[in-house]
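Let's take a walk through a protein chain together, starting with the overall layout and then zooming in on one helix and its surroundings. Have a look at the picture first.

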Amino acid sequence: EPRRMRSSSVALLLVLAACATDPTAHVEADHVTLQRGVDRASVFSPGAAAALHGLGVTWTCVYMGGPCNGGSGWTRDRVAALAGAVGWQFMPIYVGQQASSICGASTLTYARGQSDGAEAAAEMVSFGWAPHGNIPVALDLEAGTYEASPGGSTDYVHGWLDAVHAAGYLADVY
């Protein structure tokens with residue numbers, strides 16, 4: 001059974017890193033495929049993407065919004081251009097409420113999580129990622145937010161997850 005638990009843990013980690021444009025990706029118990037990805041707040045230029053692709057990068061995060069989003073330049077057209085140019089896949093990230101020391105949006109309640117989760121689902125649609133397609137979206141919640149308010153963070157995350165699931169998406173916390 002320890003081997004089975006280890007495989008399940010690896011599978012869980014890989015599911016968290018699944019790419020939004022590959023709803024058919026799966027992990028078998030004894031076979032794992034690793035993909036090299038990058039995470040950057042601002043969108044990549046085609047030249048930078050090509051250079052990274054040459055190093056084996058196959059996916060990137062997309063900062064698509066949220067009250068504490070520090071991303072820039074990510075649009076549906078830019079994502080489509082990167083997919084066409086280098087064949088990348090994407091992990092959409094919604095940057096949610098944070099501790100007041102991190103961001104001015106610091107309402108950590110279940111209701112606020114539901115509202116932000118509904119906004120995340122709307123952002124997914126605006127990027128062309130339709131619901132019920134086995135597509136993940138991740139909530140970025142910083143460790144400092146949890147440390148400042150464990151209970152509020154947990155309530156907020158539960159509300160966000162419930163709203164995103166209800167809208168037809170897979171939801172993860174990043």
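## A walk around helix 4

The chain has six helices and five strands. Follow the sequence and you'll read them off in the pattern α-β-α-β-α-β-α-β-α-α-β. Keep in mind that this is a predicted model. The average pLDDT of the chain is 86, and 83% of the residues score at least 70. One stretch to treat with care is residues 1-25, where pLDDT stays under 50.

How much of the chain is buried? Out of 174 residues, 37% are. As for contacts with a separation of 6 or more, 73% of them link residues 24 or more positions apart.

Now for helix 4, which runs over residues 110-126.

Which residues of helix 4 are buried? They are Gly113, Asp116, Gly117, Ala120, Ala121 and Met124. These residues cover an arc of only 150 degrees around the axis, so they sit on the same side of helix 4.

What covers that buried set? Here are elements that take part:

| Element covering the buried residues of helix 4 | Residues |
|---|---|
| strand 2 | 57-65 |
| strand 3 | 89-95 |
| strand 4 | 136-140 |
| helix 6 | 150-166 |

Let's stay with helix 6 for a moment. Two packed helices are described by the angle between their axes and the distance between the axes. For helix 4 and helix 6, the angle is about 35 degrees and the axes are 6 Å apart. Their crossing is right-handed. On the helix 4 side, the residues that meet helix 6 include Gly113, Asp116, Gly117 and Ala120, and those four are also among the buried residues of helix 4. Across from them, helix 6 brings in residues including Tyr156, Gly159, Trp160 and Ala163.

Helix 6 also holds Ser153. Is Ser153 buried or exposed? Its relative accessible area is 1%, so Ser153 counts as buried. Setting aside neighbours within four places in sequence, Ser153 is in contact with Leu108, Leu141, Thr145 and Tyr146.

Finally, go back to helix 4 and see what comes after it. Helix 4 is followed by Gly128, which has a positive phi, near 95 degrees.

Note on methods: Residues numbered from 1 in each chain as written. Predicted model: local features only at pLDDT ≥ 70, side-chain atom pairs only at ≥ 80, totals over all residues. Heavy atoms only, no water. pLDDT = per-residue confidence, 0-100. Contact = heavy atoms within 4.5 Å. Helix = DSSP H or I, 4+ residues; strand = E, 2+ residues; numbered from the N terminus. Expected span 1.5 Å × (residues − 1). Buried < 20%, exposed > 50% of the residue type's maximum accessible area, 1.4 Å probe, protein only. Arc of directions from axis to C-beta. Axes fitted to C-alpha atoms, helices over the stretch in contact; angles between N-to-C directions. Left-handed = near helix turned anticlockwise from the far one by under 90°.
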